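Look at the fold shown here before reading on.

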Amino acid sequence: MMQAKALKTRNHFTGPEARSLQSRLSPDSIPQSIRQSLLMKEGGFQVFEGLLDARFRHELLTEALAQLPEATACEVKIADAEEVRGGRPRRNFINSSGGPLQQAFYWAPWLLDFLRGLTHQALTPTGPCGTYSYYVRPGDYLDIHRDIVDCDVAVISCLNDGPKDDADGGRLCLYPERLFEPLSSIRATPQQGAVKVRLELGQTIVLYGGIVPHALLKVAEGQARIVSVLCYRAI
Ligand SMILES: [Fe+2]
């Protein structure tokens, strides 16, 4: 049924465009070493406790808050036509570059060892530093997407969240059963296969962000969600 839906959506595309989309969204587009990795066997993502201790989380939060005056508001009201990775998903949040503390965490040999064991031995940081994201205005969000080509694995740590209730505001929404569907198909039926995860304070999610479609659901009024975002190339 899922395949039928995907194929139906792909009917919007014809000729070489359809063939290219089909090959970019086929299971063969994922290298076997990734398919066999521990993280993929867990569904493409896993949440960890304790990669940041309370003190370091607080130090990272202090660094993130210091970066806020230089941060950029990112708003995209209408998505582009990208169906697989990257592009311009709809969004509204604030983003800043990281600082030296986050950089030390990003490049820490123990963290790289840990991530390589989960994903791929060739895993490497995509750049010198990561970023901080601030979902601090009512309704800040990031629509369903897969991460850009350079970001195969995302490591997202929650530095601040709340106040929050039992609703979905600020939850990650992941689609581990819809890996091979075009983004337009998933965006058209966002409840289907949705796995909603609240990343609690100090927790870290390791995610095949270039493979598993995901979104950040709109934060509630008064909610302040601040996260550290690190990107790695898997191969
Ligand atoms: Fe993402």
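The largest nonpolar core has 46 residues, and V153, V206, L207 and Y208 touch the most other members. A nonpolar core is a set of buried Ala, Val, Leu, Ile, Met, Phe, Trp, Tyr and Cys residues joined through C-beta atoms within 7 Å. The largest share of this core, six residues, comes from β7. This is a predicted model: local features need pLDDT of at least 70, side-chain atom pairs count only at pLDDT 80 or more, and totals for chains, interfaces and linings use all residues. Residues are numbered from 1 along each chain as its sequence is written.

**Terms used below**

- A residue is buried if 20 or more other C-beta atoms lie within 10 Å of its own, exposed if 12 or fewer, and partly exposed in between, with C-beta atoms placed from the backbone.
- Two residues touch, or are in contact, if their C-beta atoms, placed from the backbone, lie within 7 Å.
- Helices (H or I, at least four residues) and strands (E, at least two) are DSSP runs, numbered from the N terminus.
- Two strands pair if DSSP finds at least two bridges between them.

- In soluble globular proteins, nonpolar side chains tend to be buried together.
- Leaving out residues up to four places away in sequence, L207 touches G44, F45, A154, I156, V212 and H214.
- Seven of the eight residues of β7 are buried, so β7 is largely enclosed by the rest of the structure.
- β7 pairs with β12 in the antiparallel sense over seven bridges, and the bridge partner of N160 in β12 is I226.
- β7 also pairs with strand β10 (residues 203–207), in the antiparallel sense over four bridges.
- Within β10, T204 stands opposite S157.

**Strand β6 and its partners**

- Strand β6 (residues 141–145) is mostly covered, with four of its five residues buried.
- Strand β3 (residues 91–97) pairs with β6 in the antiparallel sense over two bridges, and N92 has Y141 in β6 as its bridge partner.
- Strand β11 (residues 214–216) pairs with β6 in the antiparallel sense, again over two bridges.
- The bridge partner of L142 in β11 is L216.

**Helix α5**

- Helix α5 (residues 54–67) has 14 residues and reaches 20 Å from its first C-alpha to its last, close to the 20 Å expected at 1.5 Å a residue. The expected span is 1.5 Å times one less than the number of residues in the helix.
- Which residues of α5 are buried? They are R57, L60 and A64.
- What covers the buried residues of α5 includes α6 (100–106), β5 (131–135), β7 (153–160) and β12 (225–233).

**Residue L52**

- L52 is found in the loop between β1 (45–49) and α5.
- L52 counts as buried because it has 22 C-beta neighbours inside 10 Å.
- Not counting residues up to four places away in sequence, L52 touches R57, L60, S157, G202 and T204.
- L52 and S157 are 105 residues apart along the chain, and their C-alpha atoms are separated by 8.1 Å.

**Other local features**

- The peptide bond from G162 to P163 is cis, with omega near 0 degrees. Most residues other than glycine have a negative phi, and most peptide bonds are trans.
- P163 lies in the loop between β7 and β8 (172–174).
- S33 is found in helix α3 (residues 32–35) and is partly exposed, with 14 other C-beta atoms within 10 Å.
- S33 and T119 are 86 residues apart in sequence and 8.4 Å apart in space, C-alpha to C-alpha.

**The whole protein**

- The secondary structure comes to eight helices and 12 strands.
- The radius of gyration is 17 Å, close to the 18 Å that the globule rule gives for 235 residues, so the protein is as compact as a globular protein of that length. The radius is taken over C-alpha atoms, and the globule rule is 2.2 Å times the number of residues to the power 0.38.
- Along the principal axes, the C-alpha atoms fill a box of roughly 55 × 40 × 30 Å.
- Of the 235 residues, 34% count as buried.
- Among contacts between residues at least 6 apart in sequence, 84% join residues at least 24 apart.
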